[in-house]
Amino acid sequence: MVHGLAIKCGIDGCMYVENVLLDMYATCSHNMNYACMVFQGIKVKNVVGWTTMIARFTDRGDGLTGLGIFQQMLKQEEVELSPYSCSIAVRACASVKLKKFGKQIHAAVVKHGFNSSLPVGNSLVDMYCKCNCLSEAYTHFLDMRARDLITWNTLIAGYERCGSLRSLHLFSQMVSQGLNQNCFTFTTAVAACANLASWNCGQQIHGGILRRGLETNIALANALIDMYAKCGNLKDSCRVFTEMPRRNLISWTSMTNAYMVMQMKLLDCLIKWSSQV
């Protein structure tokens with residue numbers, strides 16, 4: 001309807017209208033077919049149209065196609081790179097774990113002076129984390145002129161996925177610097193405690209969650225149930241589960257797993273005891 005009206009009014013050739021139509025089809029359609037038709041029909045493509053295509057393919061889980069379009073864009077002399085297009089391309093690299101291409105884009109970011117852009121910096125940290133290049137992620141993190149909550153959360157989550165103690169060191173650093181944490185920060189830190197079976201640290205983080213009134217967050221409560229179970233404290237897992245105002249499938253699964261973990265530990269103890277008798 002909107003597209004038909006644009007044609008009827010004779011404004012479908014306007015670059016602004018074309019980019020809006022492109023984004024509409026790319027966002028609202030079941031697939032990218034109509035968006036590709038509109039994009040191919042645009043005679044003079046600018047960085048907005050190219051970036052829209054890269055972003056929407058990446059959002060749909062097709063980072064490879066997004067990167068292919070980014071490479072096509074680089075061949076167009078009339079189109080200049082922007083911090084946003086670089087940020088989206090880096091995100092596409094992260095989604096398919098293409099470290100080599102990501103590093104090439106990183107070099108282009110530095111060359112064009114986009115390294116001071118916070119969204120670009122955050123995308124690079126995320127890309128290195130998802131490519132399991134944590135030392136490079138941390139180096140870039142230190143080189144960033146400005147950091148926000150997304151920066152910290154991305155790096156903490158990257159180290160947590162690898163089971164590294166540094167995730168908790170970074171969380172502690174956030175706290176000591178007086179930086180605000182959100183539910184994602186706490187959920188990641190609790191998951192790190194679960195991976196490391198660090199009950200004392202987990203209790204301290206739980207205290208911080210209670211002080212901020214975040215205990216009703218379902219994802220956070222589920223993480224606490226899992227953490228206490230992996231630390232061998234079924235009682236606290238039950239208490240968190242019982243006090244939850246709402247529960248989802250993960251809550252019930254986490255609690256079931258908690259009982260299974262304790263049963264396995266009890267069985268292991270019985271086996272060891274019987275072998276000593």
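Guide: With a relative accessibility of 14%, C131 counts as buried, where buried means under 20% relative accessible area, exposed over 50% and partly exposed in between, with a 1.4 Å probe and protein chains only. This is a predicted model, in which local features need pLDDT of at least 70 and side-chain atom pairs count only at pLDDT 80 or more, while totals for chains, interfaces and linings use all residues. Residues are numbered from 1 along each chain as its sequence is written, and side-chain values use heavy atoms, leaving out hydrogens and water.

The structure holds zero disulfides, a disulfide being a pair of cysteine sulfur atoms within 2.5 Å. C131 accordingly has no such partner, and the nearest cysteine sulfur to it, that of C133, is 5.6 Å away. Another cysteine, C36, has 22% relative accessibility and therefore counts as partly exposed.

N132 belongs to the loop between α8 (118-130) and α9 (134-143); helices here are DSSP runs of H or I with at least four residues, strands are E runs of at least two, and both are numbered from the N terminus. Although N132 is not a glycine, its phi is positive, at about 60°, and its 57% relative accessibility makes it count as exposed.

A197 is placed in the loop between α12 and α13 (199-211), and at 45% relative accessibility it counts as partly exposed.

The axes of α12 and α13 come within 9 Å and cross at roughly 160°, axes being lines fitted to C-alpha atoms, for helices over the stretch in contact, and angles running from 0 to 180 degrees between N-to-C directions. This angle makes α12 roughly antiparallel to α13, since angles over 145 degrees count as roughly antiparallel, under 35 as roughly parallel, 65 to 115 as roughly perpendicular and the rest as oblique. Their crossing is left-handed, a name used if the near helix is turned anticlockwise from the far one by less than a right angle, and right-handed if clockwise. Where they meet, α12 brings F186, A189, V190 and C193, and α13 brings C201, G202, I205, G208 and I209.

Helix α12 (residues 183-196) also packs with helix α10 (residues 149-161), at an angle of about 20° and with their axes 10 Å apart. These two helices are therefore roughly parallel to each other, and α10 passes α12 in a left-handed crossing. From α10, the residues L149, N153, I156, A157 and E160 meet F184, T185, T188, A191, A192 and N195 in α12.

For a view of another stretch of the chain, one can turn to Y84, which lies in helix α6 (residues 83-96) and counts as exposed at 51% relative accessibility. Leaving aside its neighbours within four places in sequence, Y84 is in contact with T51 and A55, contact meaning heavy atoms within 4.5 Å. The C-alpha atoms of Y84 and A55 are separated by 9.8 Å, while the two residues are 29 residues apart along the chain.
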